[in-house]
Structures are given as C-alpha cells and as structure tokens.
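Biologist: I am new to this structure and would like to go through its charged side chains step by step. Could you show it to me first?

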Amino acid sequence: MSIIRTGTVTLIGLAALAVGGFAALGQYSKRGSAPGRVNGALAPCPDSPNCVSSEAGTAPARRTPPLPLENWEVLPGAIAEMGGTVTRQEADYIAAEFTSRTFGFVDDLELRRAEDAVHVRSASRVGHSDNGVNAARVEDLRARLAV
C-alpha cells in the first residue's frame, strides 16, 4: 500500500473513531439528570467552561444575571418554545433538558425561584467545552422574556 493510501485510510479511521466517540458521549449524557439544589441553591458550576449560573459564588467568567421574579409563571412555556423539555416542576424549582441535534448531547437548564429573582443555571452534562451554547441559551431565554 502506498504512503498516501495508508495515510488516507488512517485519517478515515481516526475520523470514524472520533464520530463514534462523540456519539457514545451523547448517548452517555442521556443517562444523567439535572443536579438539582445544593443547600437550597442551584448546584455550583464545575471547573469546565460549559456552564453558566446566576448563583452567588459563580466565577465571573461563568456568571449571568438572574431573571426577574415576575417571569416565573411563563418560564415553562418559554422553555418549550426554545425546544426544551421540562422534566421537573415544583413551586420554586424547574429543571429542563435540551438535546443537541448533532450527537444528541443533553444540557440541563435549571431555575430556582428566590425571594427577589429567578436564579438560572445552564450546563452540559458531559464534555469540557460547549462553544458558548449554554450562555447563548440563557440569553435566548432572557430575550424571549424581554428582560
């Protein structure tokens, strides 16, 4: 086999391996669930850059402002309009899932009703980077609420 043919076969094999790995990771992400609350607040963001949160203590690079409290009742409908699925809804907590078209990665959007605002957390279940998808999701939600 020539060097060019061997290199082409190797590249195709590596690409297939990468696609298979991403597909497996996407399937793995479907097994989890939103982390929920920790000591009354939304779970802290992990060290990876694929999470944004409005909760106190969030690193400045991952911090997003909370939503106005008066939007609480319309949030489930706005989430559905965005393509998300509400998986848990309580008087002061909403969890929703968003699934990517490519590879089926699942991200969690969580909302916590506080006394003066709605705290928000959006994070990928797996992986390291999300190319800004979670931050964009929160900004899309904010725009839909016109805040």
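Modeller: A residue is called buried under 20% relative accessible area, exposed over 50%, and partly exposed in between. Please keep in mind that this is a predicted model.

Biologist: Is Glu97 buried, exposed or partly exposed?

Modeller: The relative accessibility of Glu97 is 25%. Since buried means under 20% and exposed means over 50%, Glu97 counts as partly exposed.

Biologist: Which residue forms a salt bridge with Glu97, and how many residues apart in sequence are the parts that the pair ties together?

Modeller: The salt bridge of Glu97 is with Arg125, and their closest N and O atoms are 2.6 Å apart. Glu97 lies in strand E6, while Arg125 lies in the loop between E8 and H3, so the pair ties together parts separated in sequence by 28 residues.

Biologist: Which residues are linked with Arg37 in a network of salt bridges?

Modeller: Arg37 forms a salt bridge with Glu90, with the closest N and O atoms 2.6 Å apart, and Asp92 forms a salt bridge with Arg37 at 2.9 Å. Asp92 is in the loop between E5 and E6 and Arg37 is in strand E1, so that pair links distant parts of the chain, 55 residues apart. The network links Arg37 with Arg88, Glu90 and Asp92.

Key. Residues are numbered from 1 along each chain as its sequence is written. This is a predicted model: local features need pLDDT of at least 70, side-chain atom pairs count only at pLDDT 80 or more; totals for chains, interfaces and linings use all residues. Side-chain values use heavy atoms; hydrogens and water are left out. A salt bridge is a side-chain nitrogen of Lys or Arg within 4 Å of a carboxyl oxygen of Asp or Glu. Helices (H or I, at least four residues) and strands (E, at least two) are DSSP runs, numbered from the N terminus. Buried means under 20% relative accessible area, exposed over 50%, partly exposed in between (1.4 Å probe, protein chains only).
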